[in-house]
Amino acid sequence: MIKYKEFRLGELFQLKAIRQAKSQRAIPTDIKGIPYIVQSQSNNMMARRVQKQYLLDHDEPIISGNKIVLGVTLPAVSYQPEEFGASQVITAEADFLNEINALFFVTLLSKQMVKFSYTNKPGMTKYKKLILKVPVDNQGNINLSYIEKYIAELEQQRLTELDTYLTIWKNTLEQLKN
């Protein structure tokens, strides 16, 4: 039986506010550049790819990857595995975070986003106090091995379902041809 414990987001992650870009529109687009993350509920919060050097030259932050990103005025959440530029977001980082368990935490946070709206903005203070119910081991520590195993099992289930669907679809097409 898996045990769960409630944690405040601020207990699990170090949160950092990223300031508003001086002139977001002036940043040149570069399809080979780095992702530029904004408060958006679509496209994993990525507005476009931009020139990294432009950001550096104009004193705009470059954020290392492996971070969860949260909207400041909009209830948005994403995981960013690679370095990125950003405008007016909050980043959440932890030593234990990786591409697999980040999916779990992003999902937990996504479910919490219904508490917020444009008139009830999330923000740093509210995020720090946000309660997440997380699986723990017998010592009360986050059970990362369980989380990662759970994500792997879900992934395998979805791949099996997709394979079954594609096999049925392929067989149906072949029957229609005959």
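Is Glu-93 buried, partly exposed or exposed? With a relative accessibility of 33%, Glu-93 counts as partly exposed (buried is under 20% relative accessible area, exposed is over 50%, and partly exposed is in between, with a 1.4 Å probe and protein chains only). Some notes on the rest follow.

1. Ground rules. This is a predicted model, where local features need pLDDT of at least 70, side-chain atom pairs count only at pLDDT 80 or more, and totals for chains, interfaces and linings use all residues. Residues are numbered from 1 along each chain as its sequence is written, and side-chain values use heavy atoms, with hydrogens and water left out.

2. Overall build. The protein chain comes to five helices and ten strands (DSSP runs numbered from the N terminus, with helices being H or I of at least four residues and strands E of at least two). Along the principal axes, its C-alpha atoms fill a box of roughly 60 × 50 × 30 Å. Of the 178 residues in the protein chain, 39% are buried. Looking at contacts (heavy atoms within 4.5 Å) with a separation of 6 or more, 63% come from residues 24 or more positions apart.

3. Surface and charge. The protein chain exposes about 11,000 Å², and carbon and sulfur atoms supply 52% of that (areas come from the Shrake-Rupley method with a 1.4 Å probe; for residues, only the protein chains shown count as cover). On the charge side, there are 23 positive and 18 negative side chains, and the centres of the two sets lie 8 Å apart. Here Lys and Arg count as positive and Asp and Glu as negative, while His and the chain ends are not counted; each charge is placed at NZ of Lys, CZ of Arg, CG of Asp or CD of Glu.

4. The structure holds six salt bridges (a side-chain nitrogen of Lys or Arg within 4 Å of a carboxyl oxygen of Asp or Glu). Back to the opening residue: Glu-93 forms one of them with Lys-67, and the closest N and O atoms are 3.7 Å apart. Glu-93 lies in strand β9 (residues 89–93) and Lys-67 in strand β6 (residues 67–71), so the pair ties together parts that are 26 residues apart in sequence. Lys-67 is buried, at a relative accessible area of 5%.

5. Arg-19 pairs with Glu-60 in a salt bridge, with the closest N and O atoms 3.4 Å apart. This pair links distant parts of the chain, 41 residues apart: Arg-19 sits in the loop between β2 (14–18) and β3 (29–37), and Glu-60 in the loop between α2 (52–57) and β5 (62–63). Arg-19 is partly exposed at 39% relative accessibility, whereas Glu-60 is buried at 9%.

6. Glu-161 forms a salt bridge with Arg-158, the closest N and O atoms being 3.8 Å apart. Both residues lie in helix α5, three residues apart, about one turn of the helix. Glu-161 is partly exposed with a relative accessible area of 45%, and Arg-158 is partly exposed at 44%. Elsewhere, salt bridges that share partners join Arg-19, Asp-59 and Glu-60 into one network.

7. The nonpolar patch. Leu-159, Leu-162, Tyr-165, Leu-166, Trp-169, Leu-173 and Leu-176 make a nonpolar surface patch of about 740 Å². Patch residues have over 30% relative accessible area and no salt bridge; like charges are joined within 9 Å, and nonpolar side chains (Val, Leu, Ile, Met, Phe, Trp, Tyr) within 5 Å. One of the members, Leu-162, is found in helix α5 (residues 144–177) and is partly exposed, with a relative accessible area of 45%.

8. The end of α3. Gln-112 is placed in helix α3 (residues 99–112). Gln-112 is buried, with a relative accessible area of 15%. Setting aside neighbours within four places in sequence, Gln-112 is in contact with Leu-130, Ile-131 and Leu-132.

9. Backbone angles to look at. Most residues other than glycine have a negative phi. Asn-43 is not a glycine, yet has a positive phi of about 55°; Asn-43 lies in the loop between β3 and β4 (46–50) and counts as exposed at 52% relative accessibility. Gln-88, also not a glycine, has a positive phi of about 50°. Gln-88 lies in the loop between β8 (84–86) and β9, and is partly exposed at 24% relative accessibility.
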